[in-house]
Amino acid sequence: MTALAAITSSTMDLDDLTRVLLVGSLVLLVAVAAVRLSVRSGLPSLLIYLGIGLLLGNAGAGIQFDDASITRVLGYAALVLILAEGGLTTSWSNIKDSVAPAAVLSTVGVVVSVLVVAVAAHTLLPLSWTISLLMGAIVTSTDAAAVFAVLRNVPLPKRLSGMLEAESGFNDAPVVILVVAFAAQGVPGGTADPWWVLVLHAAAELAGGVLVGGAVGWLGGQILHRVAGASSALFSIGVVALTVLAYAVGSAVHVSGFLATYLSALVLGNMGLPNRVAFQSFANALGWIAQIGLFVLLGLLADPTRLGEQLVPAIVIGLVLLLVARPLSVVASVSWFKVPWRDQLFLSWAGLRGAVPVVLATVPLVVGTPDTEWIFDLVFMLVVVFTIVQAPSLPWVARRLGLTEQVHSVDVDLESTSLMEISADVIQVTVGPESRLHGVAVFELRLPKGANVTLIVRGGEGFVPERLTTIRHGDQLLVVTTSRVKQRTEQRIREISRGGRLAGWP
């Protein structure tokens, strides 16, 4: 009996447990070591984890696994943790101006993309309309794990990174609704509901998910703040448990559990709870475990001997998705918000696919849609090929479009409880190669009262600057500021980075 088979067996003994722990711990250690390769190559770590799963499967170590139902259940569980981590670590101030266009892109944009891919699949492959629509729905969703992992390392303007992060958190919900509906229609004897019924059903589920997520997040946060003890570890468990509760409540009342999870996490992460560093770190660790386990599981389910057969169809559908469907969905969704064309081009290229489409490809297998086994192989190949193409090129595309920030600032949480008590924030600023901060003395920054540059790291060496210290390209600045003037401080630094020392001079 293999390690994975032992998990699903009711006769698991201590020897089976030993094998499971041995394989599991080795996989995690290899996955942790592989992150360095991921960072250097620019490829999301999901490809490495999928590779580990393939090596452990039939063509490698010989672990036998072909249960699509278990994959779907565990995949949903992993997506809940990934969305929870994304919401808890997302700053509302970074995405608030992008929520409206991201919401439209996650709904109207999804519909446009599904229709375009469906027409291409029906015409080029060719497939029936029901299977074509199912295919379009499966491959449309951008992946939260891939977006959070890749884009947070690209110094994009907040309006753009916020829109991509919000979209990846929002669009799982409508896509899951469409995939389940189209898969059910493809079952022999299944009936197709009128399009307006599907729209009303989806709107009701999404609205319900918003209400459940907001209510569980806010009420749960208030209660947890009052009843939790001083232990940051227990508090972290409580916060993550609330995000899982939001999914469970949402699913129980037949609304979007995924949307409820993300919104509850977003509320909890931005309502000023204590121990923010602790619960964000805990959620981040759970998110990594979920990603590793999910991608390895998907690699196990894939059969390398069949994947090559779907390479050409995967490239055809992927090109349609990347070059036609995604750009049209972006234009149809965000043009109303006067988003610049350069931003729209980057949004079109940055629609990363990952675990979500592969997990959703198991849905027709579980519900019994006939002759759909090949969909999993096609989607698997599409995700691998186009992740290799898109992910490493994102920094280059951003630079070519002139979208990279020459001064990139991120919040640094040292100890959230004490920082809240003194109403302070810490900002890390990286000076880009073309930033006009180069040559500017610290005193010439003219930061607001309550803000100060406390440390400069240059060439790996840190020192405390003086008023006449000159900033250089590649410097990393640590700026301590009161919460009241944090936004003004960031704005001031960006102004000088773009316009030089005289920018904003009265």
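## Trp349 and its surroundings

In this predicted model, Trp349 is in contact with Leu322, Val389, Gln390, Ser393, Leu394 and Val397, once its neighbours within four places in sequence are set aside. Trp349 itself belongs to helix α18, which covers residues 341-349. With a relative accessibility of 24%, Trp349 counts as partly exposed, because the buried class is kept for values under 20%.

## The protein as a whole

Stepping back, the protein has 506 residues, and 51% of them count as buried. Its secondary structure comes to 24 helices and five strands. Take the contacts with a separation of 6 or more: 78% of them are between residues 24 or more positions apart. The accessible surface comes to about 22500 Å², and carbon and sulfur atoms account for 65% of that area.

How confident is the predictor? The mean pLDDT is 86, and 89% of the residues reach 70 or more. One stretch to view with this in mind is residues 412-418, where the pLDDT is below 50. Beyond near neighbours in sequence, that stretch has 19 contacts in the model.

## Nonpolar cores

Which residues touch the most other members of the largest nonpolar core? They are Ile138, Leu298, Phe346, Leu360, Ile375 and Val379, out of 104 residues in that core. Helix α21, spanning residues 373-390, gives the most to this core, with 10 residues.

Ile138 makes a handy place to start exploring. Leaving out residues up to four places away in sequence, Ile138 touches Val179, Pro357, Leu360, Ala361, Ile375 and Val379. There is also a second, separate core of 17 residues, with Val431, Val453, Val479 and Ile496 among them.

## A nonpolar patch on the surface

Leu311, Ile315, Leu319, Leu323, Val324 and Leu328 form a surface patch, and together they have about 470 Å² of accessible area.

Leu323 is one of these patch residues, and it lies in helix α17, residues 311-334. Is Leu323 buried or exposed? Its relative accessibility is 54%, so Leu323 counts as exposed, the cut-off for that class being over 50%.

Gln310 is found in the loop between α16 (304-307) and α17. Gln310 is buried, with a relative accessible area of 12%. Not counting residues up to four places away in sequence, Gln310 touches Trp374, Asp377 and Leu378.

## Salt bridges

Side chains of opposite charge can pair when their charged atoms come close. The structure holds eight salt bridges. In one of them, the side chains of Asp16 and Arg19 meet at 2.4 Å, N to O. Asp16 and Arg19 are three residues apart in helix α2 (residues 14-41), so about one helical turn separates them. Asp16 is buried at 5% relative accessible area, whereas Arg19 is partly exposed at 38%.

Another salt bridge joins Arg159 and Asp343, with the closest N and O atoms 2.6 Å apart. This pair links distant parts of the chain: Arg159 sits in helix α10 (residues 158-170) and Asp343 in helix α18, 184 residues apart. Arg159 is partly exposed at 39% relative accessibility, while Asp343 is buried with a relative accessible area of 2%.

Arg326 forms a salt bridge with Glu167, and here the closest N and O atoms are 2.7 Å apart. Because Arg326 lies in helix α17 and Glu167 in helix α10, the pair ties together parts that are 159 residues apart in sequence. What about burial? Arg326 is buried, at 3% relative accessible area, and Glu167 counts as buried too, at 3% relative accessibility.

Finally, Asp303, Arg306 and Asp377 are linked in a network of salt bridges. Asp377 has already come up in this report, as one of the residues that Gln310 touches.

Conventions:
Residues numbered from 1 in each chain as written. Predicted model: local features only at pLDDT ≥ 70, side-chain atom pairs only at ≥ 80, totals over all residues. Heavy atoms only, no water. Core = buried A, V, L, I, M, F, W, Y, C linked by side-chain atoms within 4.5 Å. Buried < 20%, exposed > 50% of the residue type's maximum accessible area, 1.4 Å probe, protein only. Helix = DSSP H or I, 4+ residues; strand = E, 2+ residues; numbered from the N terminus. Contact = heavy atoms within 4.5 Å. Patch = residues over 30% accessible without salt bridge, like charges linked within 9 Å, V, L, I, M, F, W, Y side chains within 5 Å. Areas by Shrake-Rupley, 256 points an atom, 1.4 Å probe, with all protein chains shown as cover. Salt bridge = Lys/Arg side-chain N within 4 Å of Asp/Glu carboxyl O. pLDDT = per-residue confidence, 0-100.
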